[in-house]
Amino acid sequence: MAETFKNFIGGEWVDAASGKRFENRNPADWNEVVGTHPDSDAGDIERAVLAAAKAFKTWRLVPAPKRAEILFRAGQIMAERKEELARLMTREMGKVLAETRGDVQEGIDTAFYSAGEGRRMYGETTNAEMPNKFAMSIRLPVGVCGMITPWNFPMAIPTWKMFPALVCGNTVVLKPASDTPATAAKLVGVLADAGFPPGVVNLVTGGGGRVGTPLIEHPSVRLISFTGSSEVGRRIAATCGEKLKLCSLELGGKNPMIVMEDADLDLALEGALWGAFGTTGQRCTATSRIILHEKIADSFTERLVERARKLRLGNGLEPGSEVGPLVNKGQRESVHGYVQIGLKDGAKLLTGGKAAAGPGLENGWFYEPTVFGSVTPGMRIAREEIFGPVVAILTVKSLEGAIEVANDTDYGLSSSIYTRDVNRAHIAIRDIEAGITYVNGPTIGAEVHLPFGGVKDTGNGHRESGRQVLDVFSEWKSIYVDYSGKLQKAQIDDVEIQ
Ligand code: UN1
């Protein structure tokens, strides 16, 4: 049964003022309508931003440990509803149940980790250069934060943004991806049940142009946090630059896994399969290039292809399904387009390369796990983010060669090296241009208490998760308290030493 979802504005569940709605369908069975959602526009954004601006006046004054208590409750409610949330997420997004459970768990982890910050969120005290003067710096909230989130982690990514923002004392307007609005609505429901006051968290669903753009342009929105493609990120950054808004971007990846000849190859094989085909390749951290040392390249490739062929595709709710569908028709067309580009550029298709057929797959956006061999660094499939179950194999002669190929991309999110040689591991840690490097693990699987983000076209220098995210959602204020009772001029007055 399709559920009827609403926007959440100023503590009330409401329809779009226009009354318009859009459908959200199951990518594993496009005949199933998971729900319908408000197809909102600039007017709905206006109401949500006003509600958030009003709530900010009082929310910012709530002591951070109290704000955090509500967040702890939210984490508990998410844990109680984990199974229900995961099942709904699989129905709207497609990834298999084990992974949607992981996505909810990442949200729970973020709740508890961010809530802990309520009793830390440290500033600094330091020394003043004048006598009888006290100096410190503290964090203050930014204001109304607009958040635009993708469909591949429908729970984790909104929590990465919202939870630290809330504990810092900001208020939020969330615009989730139109492919996964149901999980976002349930998450906002959890926050309402946990006791966040009206207007502190607001949800507005609808398309990027009609909802995202007015949110980004709204003068009362001080900060935009966006996760998605580099192409859209660039446009958002331009608008924010023009309006001098704070802007935090998590964008694409073309994540390399290096496998050296001394590696535990069984381990590397498991890592490659999980990194490349987990979440059907739809992670910004997905392993999309495997860089093999020439001595093991042929045998490793052969084993990878054999195992990729055996992966069980299916509805993510069915036990035994290992790979779900792509999220929608456009995504499948785009992935297939890249396969054609790979062929045209001279790469060798070793397996996959077409929509998957078979019992249970008829009505879903399934695509065969795809491996390309004979890929060279200049090819588009080695450079551009495909966001699907397509992996490119490149061969190198040395560690230096491997790192050069790994860095030969505009992106720099995640990376990995398999080796038993500690020296090689440390050279990779130092020299790979990426925000994350795994040693003897695939490129996916970041934990919420470490900074998450990347270099080059992957972002604009900010990090989510970890304590570093506090720098996104708070402004520093420096405070000088002069208790000398006289005018003291810094940099000018001489301090007499008795
Ligand atoms: C993403 O793909 O946008 O590290 C996020 C990982 C997950 C998060 C991925 N914890 O793969």
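**Strands and the helices across them**

Modeller: Let's start with S4 and strand S5 (residues 29–38), which pair in the antiparallel sense over six bridges. Pairing here takes at least two bridges found by DSSP, and the strands (E, at least two residues) and helices (H or I, at least four) are DSSP runs numbered from the N terminus. Keep in mind that this is a predicted model, with local features needing pLDDT of at least 70, side-chain atom pairs counting only at pLDDT 80 or more, and totals for chains, interfaces and linings using all residues. Residues are numbered from 1 along each chain as its sequence is written, and side-chain values use heavy atoms, leaving out hydrogens and water.

Within that pair, look for asparagine 24, which sits opposite glycine 35 in S5. Now zoom out: S4 and S5 belong to an open sheet of three strands, in the order S1-S5-S4, with mixed pairing. Strand S1 (3–4) and strand S4 (21–26) are the edges; each has a single partner strand, so one side of each has no neighbour in the sheet.

Next, the helices. Helix H3 (residues 82–93) lies across S4 and S5, at about 100 degrees to S4. Helix H6 (residues 181–194) lies across S1, S4 and S5, running at about 105 degrees to S4. Contact means heavy atoms within 4.5 Å; the axes are lines fitted to C-alpha atoms, for helices over the stretch in contact, and angles run from 0 to 180 degrees between N-to-C directions. So S4, an edge strand with a single partner, has both H3 and H6 lying across it.
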